[in-house]
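Visitor: I would like to learn how to read a protein model step by step. Could we look at one together?

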Amino acid sequence: SGAQMGLKKGIMARSENILELAEKNGKPESEALHRILECAMTDEEASFILELPAPASDVAAKLNMTEKGVEDKILDLAQRGLVVRSRKGYRYPHDLGTLHDNILASAPQYIPAGIEKLWMDLYEGKQWWREIGEGLASYGLQVLRVIPAEKSISRDIELLPYESMTKIIEENRDLISVRNCCCRTGAKKCNHPVDVCMQFKHRAEYDLFRSGGRKVSADEAVSVALQSVDSGLVPTVTNVSVMDNLEFICFCCGDCCLVLDPLLRIQRVPDVLAYSRFEAKINPETCNGCRHCVPRCHFGAIDMKPLGGEMKAVLDPDKCVGCGVCELSCVPGSITMELVRPPEFIPETIMGPSAIIH
């Protein structure tokens with residue numbers, strides 16, 4: 001057909017280097033991805049990237065560059081999210097989600113103008129969201145876990161170290177970075193804060209190396225965390241109980257998050273996201289029907305229903321992830337967070353997509 005002919009012509013007009021990179025991402029014929037790559041780099045840079053991973057001396061000899069020139073170029077590409085660290089050296093990210101996250105989590109001056117829209121063209125227009133959601137759900141593993149907003153938990157309940165934002169931050173006080181959330185930078189579908197994505201250990205080190213984030217003190221990190229949950233964002237971590245394996249805290253929304261949004265759309269949230277050990281309970285006697293809690297829940301767990309002739313907030317426990325964000329907005333104090341799962345609910349180890357876990 002004419003459309004297929006046009007597509008073939010379009011692909012033939014692309015540089016071989018761009019097509020080869022798109023093939024590494026598993027989408028050799030995706031016009032939407034071709035446009036992203038062309039916006040992100042020059043053809044010469046694509047050619048350079050295809051030489052990686054390799055020792056700087058080898059790349060320098062092959063491309064007639066100095067080793068210093070190669071190292072400077074790698075740093076430049078890392079700052080723009082186009083190469084990532086690996087055991088074999090810097091290389092192009094084959095996982096498309098990693099490429100998206102790295103580019104859009106770069107410092108603003110390194111993000112090419114207009115690339116956010118190109119990513120959303122792929123996400124919405126070509127239904128990349130469905131591919132992401134079904135891909136994550138297919139692992140059959142809860143790789144991420146919700147941790148509760150600490151102010152929503154009664155003071156007479158002591159949180160375990162690995163479900164406490166403040167304890168996770170304290171454990172990593174020597175090296176913490178905060179950067180822009182790649183998902184909200186790209187999607188721009190909500191008004192939640194963006195400069196909140198928290199990294200520890202190797203992730204923080206890499207963030208700072210490529211100027212993607214800023215180093216913060218433990219006190220500032222706690223402040224960022226509290227502001228994030230107060231605004232209605234849901235804190236998530238890797239679903240393990242070993243403190244040393246917790247290398248980030250994400251603050252997610254249901255509108256923009258490249259994990260939550262696809263899972264909500266295909267209704268597979270529990271397949272990938274482990275709930276916290278808590279569950280919201282709503283007291284209908286004291287609920288004044290203000291509705292503040294309804295839009296606060298990203299998971300659609302709260303609805304207004306007539307009870308005794310008045311509209312009251314009612315919880316669907318199957319959808320409640322136990323984040324406590326609704327409790328923070330409840331003026332009459334009708335919502336409480338109850339401990340409903342034992343410590344063994346949180347596993348010690350987990351396998352899964354390295355792009356999320358490591």
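Visitor: Which residues of helix 9 are buried?

Guide: Buried means under 20% relative accessible area, exposed over 50%, and partly exposed in between, with a 1.4 Å probe and protein chains only. Helices (H or I, at least four residues) and strands (E, at least two) are DSSP runs, numbered from the N terminus. In helix 9 the buried residues are Trp128, Trp129, Ile132, Gly133, Leu136 and Ala137. Seen down the helix axis, these residues fall within an arc of 165°, so they line one face of helix 9; the arc is that of the directions from the helix axis to the C-beta atoms.

Visitor: What should I know about the origin of these values?

Guide: This is a predicted model, in which local features need pLDDT of at least 70 and side-chain atom pairs count only at pLDDT 80 or more, while totals for chains, interfaces and linings use all residues. Residues are numbered from 1 along each chain as its sequence is written, and side-chain values use heavy atoms, with hydrogens and water left out.

Visitor: Which residues is Ala137 in contact with, leaving aside its neighbours within four places in sequence?

Guide: Contact means heavy atoms within 4.5 Å. With those neighbours set aside, Ala137 touches Arg268, Asp271 and Val272 in this sense. Ala137 belongs to helix 9, which spans residues 128–138, and counts as buried because its relative accessibility is 5%.

Visitor: Where is Lys188 found, and is it buried or exposed?

Guide: Lys188 sits in the loop between helix 11 (182–187) and strand 3 (197–200), and at 55% relative accessibility it counts as exposed. Its phi is positive, about 50°, although Lys188 is not a glycine.

Visitor: Which residues does a cis peptide bond join?

Guide: The cis bond joins Leu52 and Pro53, with omega about 0°, and Pro53 lies in the loop between helix 4 (43–49) and helix 5 (56–63).

Visitor: How many helices and strands are in the protein?

Guide: The protein has 18 helices and eleven strands, and buried residues make up 53% of its 358 residues.
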